[in-house]
Amino acid sequence: MSNYANLPVPSPESGLSRYLQEIRRFPLLEPEEEYMLAKRWVKDHDKSSAHKLVTSHLRLAAKIAMGYRGYGLPQAEVISEANVGLMQAVKRFDPEKGFRLATYAMWWIRAAIQEYILRSWSLVKLGTTSGQKKLFFNLRKAKARIGALEEGDLKPENLTQIASDLGVSEAEVVSMNRRLAGGDASLNVPVGSDGDGTLQWQDWIEDDSVNQAQEYEANDELERRRELLVQSFDVLNDREKDILTQRRLEENPCTLEELSGQYGISRERIRQIEVRAFEKLQKRMRELAGNSMRV
């Protein structure tokens with residue numbers, strides 16, 4: 001997947017309308033076709049298969065990117081970052097997990113966009129805590145929810161409610177609101193000036209059911225679980241650590257057959273060690289989680 005020179009590229013010079021129309025020509029994939037293409041990429045690193053997987057999801061990347069229009073950044077660059085996230089998703093997609101590529105790719109796409117936005121807005125000024133990031137990506141939605149989208153500073157009662165809803169200080173809300181002021185535009189205008197006016201920005205907007213606040217909360221929970229996992233490994237002996245790591249924590253897990261050869265024991269014995277190690281690890285993690293709640 002090293003060469004994507006022939007992919008459509010969003011260009012601010014030619015306008016986005018042409019790009020959005022161009023990517024519509026790539027057909028969406030049926031589940032079976034997507035599965036077979038992904039299998040060929042995973043097994044044989046077939047670049048043409050990876051290319052089809054990417055191009056068939058360019059509309060998804062563009063649609064998600066449109067949900068981040070209010071940050072004052074060139075939309076062509078946001079879409080380009082979304083496409084980078086899409087390519088990373090295709091590179092790591094495992095068709096044997098049982099879900100569609102779109103479900104997996106949307107997380108990589110959003111992560112790539114959000115990293116780009118945060119870099120562009122200067123992390124030094126915005127702050128890096130989860131609460132500040134959550135505020136950055138959810139202030140407009142919180143304002144819309146209580147009918148406070150008018151320009152200027154927030155009313156005291158609205159300020160208090162937003163700070164409470166998002167779990168940040170009122171001072172942080174004031175600061176972020178002033179930074180983000182003036183970035184919104186109508187979603188009912190046509191895309192570009194060279195089209196027929198039938199394609200509007202709102203046709204590409206990200207589904208409102210997606211909540212960045214929930215994503216950051218989930219990321220915080222994931223980080224907490226990772227810390228618990230590291231701390232809990234002390235209950236395992238060296239063999240249990242190695243088998244559990246190779247079976248469940250590696251990007252490309254070993255098979256029972258491979259570990260059986262490594263340790264000179266049966267596959268069933270490897271499976272038993274894995275299960276026992278996992279149960280010990282879970283028990284230790286629950287203990288540590290309980291202790292942290294009591295602190």
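A residue is called buried when its relative accessible area is under 20%, exposed when it is over 50%, and partly exposed in between, with a 1.4 Å probe and protein chains only. The structure is a predicted model, in which local features need pLDDT of at least 70 and side-chain atom pairs count only at pLDDT 80 or more, while totals for chains, interfaces and linings use all residues. Residues are numbered from 1 along each chain as its sequence is written, and side-chain values use heavy atoms, with hydrogens and water left out.

The protein contains 14 helices and zero strands; helices (H or I, at least four residues) and strands (E, at least two) are DSSP runs numbered from the N terminus. Of its 295 residues, 37% count as buried. The accessible surface of the protein is about 17,000 Å², and carbon and sulfur atoms account for 50% of it; these areas come from the Shrake-Rupley method with a 1.4 Å probe, and for residues only the protein chains shown count as cover. A contact means heavy atoms within 4.5 Å. Among contacts between residues at least 6 apart in sequence, 65% join residues at least 24 apart.

Aromatic rings were examined next. Rings of Phe, Tyr and Trp (its six-membered ring) pair if their centres lie within 6.5 Å; planes under 30 degrees apart count as stacked, over 60 as edge-to-face and the rest as tilted. The structure holds four such pairs. In one of them, phenylalanine 93 and tyrosine 104 have ring centres 5.9 Å apart and planes at 45 degrees, so this pair is tilted. Phenylalanine 93 lies in the loop between helix 5 (75–92) and helix 6 (101–120), whereas tyrosine 104, 11 residues away, is in helix 6. Phenylalanine 93 is buried because its relative accessible area is 4%. The rings of phenylalanine 99 and tyrosine 104 have centres 6.1 Å apart and planes at 25 degrees, so that pair is stacked. With a relative accessible area of 36%, phenylalanine 99 is partly exposed. One aromatic cluster is formed by Phe93, Phe99, Tyr104 and Trp108.

A charge sits over a ring if NZ of Lys or CZ of Arg is within 6 Å of the ring centre and within 35 degrees of the ring normal. The charged end of arginine 110 sits over the ring of tryptophan 107, at 5.5 Å from its centre.

Lysine 241 is located in helix 12 (residues 238–249). Its relative accessible area is 27%, so lysine 241 is partly exposed. Leaving aside residues up to four places away in sequence, lysine 241 touches Phe233 and Leu236. The C-alpha atoms of lysine 241 and alanine 277 are 7.6 Å apart, although 36 residues separate the two along the chain.
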